[in-house]
Amino acid sequence: MDANEASDYHQLAIGKFTEALEVYEYHNYYATRADSYFRLERYEEALNDMNDAIRVMTESGEPVYWMHYYSRGSVYIHLGQNQRAIQDIDKGLEHDAGIAGLYDLRSTAYLNLGQTVKANNDKARACSLDGQYC
């Protein structure tokens, strides 16, 4: 799929999930639409949808998926809000401390903040959990 096809795909997905949300407010609809916004570099809209995904889960009494915190953390990093990203990633790690991607993402946020020792520690932890992060 080339860049134009990918853009068209994500625009279509945004429309379909917007329609679905008009019928039923479901956290994964927000999260999936947020992913399309993210891939189109529409970070503020992605952030709004991830906030809504987390809100819907919280209001329903369900535990928030670690992946939602990962996704919102990614958006925060792209918006230059690295400290907020770290806070979200920490919440994700509270749910599952064995997710290498969370450590890898937090490593990026620490690196962006100039906290090299913490970044290197998280990168090493990610690598120890999953070789693809080495």
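Mentor: A pocket here is an open set of grid points where a 1.4 Å probe fits, with protein on both sides within 12 Å along at least five of seven lines. Keep in mind that this is a predicted model.

Trainee: How much space lies in the largest pocket?

Mentor: The largest pocket is lined by 13 residues. Helix 2 and helix 4 (66-78) are the elements that give two or more residues to that lining. The space in the largest pocket is about 230 Å³.

Trainee: Which residues lie nearest the centre of the largest pocket?

Mentor: By class, the lining divides into 7 nonpolar, 5 polar and 1 charged. Nearest the centre of the largest pocket lie Ala31, Asp35, Met50, Met67 and Ser71.

Trainee: Is helix 2 roughly parallel or antiparallel to helix 3?

Mentor: Helix 2 (residues 27-39) and helix 3 (residues 43-60) pack at about 165°, their axes 8 Å apart. Angles over 145 degrees count as roughly antiparallel. Therefore helix 2 and helix 3 are roughly antiparallel.

Trainee: What classes of residue make up the contact of helix 2 with helix 3?

Mentor: Helix 2 brings residues including Tyr30, Arg33 and Phe38, and they meet a set in helix 3 that includes Glu45, Asp52 and Val56. The contact of helix 2 with helix 3 has 11 nonpolar, 1 polar and 5 charged residues.

Trainee: What is the handedness of the crossing of helix 3 and helix 4?

Mentor: The axes of helix 3 and helix 4 come within 9 Å and cross at roughly 155°. The two helices are therefore roughly antiparallel. Their crossing is left-handed.

Note on methods:
Residues are numbered from 1 along each chain as its sequence is written. This is a predicted model: local features need pLDDT of at least 70, side-chain atom pairs count only at pLDDT 80 or more; totals for chains, interfaces and linings use all residues. Side-chain values use heavy atoms; hydrogens and water are left out. Axes are lines fitted to C-alpha atoms, for helices over the stretch in contact, and angles run from 0 to 180 degrees between N-to-C directions. Helices (H or I, at least four residues) and strands (E, at least two) are DSSP runs, numbered from the N terminus. Angles under 35 degrees count as roughly parallel, over 145 as roughly antiparallel, 65 to 115 as roughly perpendicular and the rest as oblique. Contact means heavy atoms within 4.5 Å. Ala, Val, Leu, Ile, Met, Phe, Trp, Tyr, Cys and Pro count as nonpolar, Asp, Glu, Lys and Arg as charged, and the others, Gly among them, as polar. On a 1 Å grid over the protein atoms alone, a cavity is a set of points where a 1.4 Å probe fits but cannot get out, and a pocket is an open set with protein on both sides within 12 Å along at least five of seven lines; lining residues have an atom within 4 Å of a point. Grid points are joined across faces, edges and corners, and a volume is the space filled by probe spheres set on the points. A crossing is left-handed if the near helix is turned anticlockwise from the far one by less than a right angle, and right-handed if clockwise.
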